[in-house]
Amino acid sequence: MISRLEKPKFIFRKLKISDYQDFSKLFYLCFKKKISYDFYKWRYFNDRFSFCYGAFESSTLIANVGMKSMKLNTNNNERVFSRHTSMVSSNYRGKGIFSTLLEKVKKKFLNKTNLLIMWPNNNNFASFGIKKNRIIRKKYYLYLTLNRKTKIKKKFNKNINIININNINKIKIFIKDNNNFFLKNFDYFKSRYLLYKDKEYLINKFELNNFKSFFILKKNKNKTGFNYVILDHFGSEYIKSTHLSQLINNKSKVIFWSKKKINKSNLKLINHINLNIGFIKETDIRKQKEMLFNKEFMLGDTDSFITIK
């Protein structure tokens, strides 16, 4: 059923694959970036739970919110949603249309979930009407490694090697339960890194004292050349920090994030990323916060370094 505002010219509904051209046009108007049909299809139509919900004036898309379905890394693997691709045409901002859009999504589709994951930017801190005391706020700092003037001892370099991302099925026995916020089993890694732009990703493997650690990297191109973005991890948590240190110290132009600010000469702070975890239902907030507060997020959980065209 199509729902409407008091003014009948506004129509709210789920987007279909055939709405790509309207979605693409609004995306370009809002972000001055092109977005591909392949990304649109993979991100929001790859499973039966994810979707985009839009506001239309007549047949013109004027606002959109993307909802990506994820499972929590808990005993019951509760399904939650992560909010992405929030946008409103400039001519319709400040008129309550986006707030109405979010409220309709909340009532129609989020009644069976307790958590909502949001990645607010400087222009959009909308939170689906969730009260401030029911939101956990986190902040991550994005760093780029710089070339060192002095040589680094490569004590563990012989234990680091690169694996083609398409060979992840050969090492899937190392994908086990860990401290991730989201459930990250083999199906997750397959969907996230093999079904779209798989040639952009690689696996960095590190071994130490019979332990094995794996980081998924993206070879990222920008105006200054190439860099490597650390997106995800699986394998041993015990040597994860050592692996990260070796990767940072032995590869120039590595992008990673940190929970805390780091003051080192070989690191450049390039941005920060906000994360809000909202509790929709009236549950025991203190208990929920204690359970989830120390769970780990990775840069691959965001859209920040996904190629969209």
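In which strand is the place of Thr145? I found Thr145 in strand β7 (residues 135–145); strands (E, at least two residues) and helices (H or I, at least four) are DSSP runs, numbered from the N terminus.

**Entry 1: the model.** I noted that residues are numbered from 1 along each chain as its sequence is written. The model is predicted, with pLDDT of at least 70 needed for local features and 80 or more for side-chain atom pairs, while totals for chains, interfaces and linings use all residues, and side-chain values use heavy atoms, without hydrogens and water.

**Entry 2: Thr145.** I looked up the accessibility of Thr145 and read 2%, so Thr145 counts as buried. Buried means under 20% relative accessible area, exposed over 50%, and partly exposed in between (1.4 Å probe, protein chains only). I then followed the side chain of Thr145, which reaches the backbone nitrogen of Val254 at 2.7 Å. A polar atom of that side chain also lies 3.0 Å from the backbone nitrogen of Lys253.

**Entry 3: strand β6.** I examined β6 (residues 115–118) and found both faces covered. Leu115 and Ile117 are buried on one side, Leu116 and Met118 on the other. In a regular strand the side chains alternate between the two faces of the sheet. I recorded two partners for β6, where pairing requires at least two bridges found by DSSP. Strand β5 (residues 79–88) runs parallel to β6 and is joined to it by three bridges, with Arg83 opposite Met118. Strand β13 (residues 267–279) runs antiparallel to β6, with four bridges, and here Met118 stands opposite Asn276.

**Entry 4: salt bridges.** I searched the whole structure and counted nine salt bridges, each a side-chain nitrogen of Lys or Arg within 4 Å of a carboxyl oxygen of Asp or Glu. Side chains of opposite charge can pair when their charged atoms come close.

Which residues are linked with Lys184 in a network of salt bridges? I found Asp232 and Asp301 in that network. The closest N and O atoms are 2.6 Å apart for Lys184 and Asp232. Lys184 lies in the loop between β8 (160–164) and α4 (186–193) and Asp232 in strand β11 (residues 225–235), so this pair ties together parts 48 residues apart in sequence. For Lys184 and Asp301 the closest N and O atoms are 2.9 Å apart. Asp301 is in the segment after α6, 117 residues from Lys184. I noted that Lys184 and Asp232 are buried, and that Asp301 is buried as well.

Conventions. A polar contact is a pair of N or O atoms within 3.5 Å; within protein, one must be able to donate a hydrogen and the other to accept it, and residues adjacent in sequence count only if both atoms are side-chain atoms.
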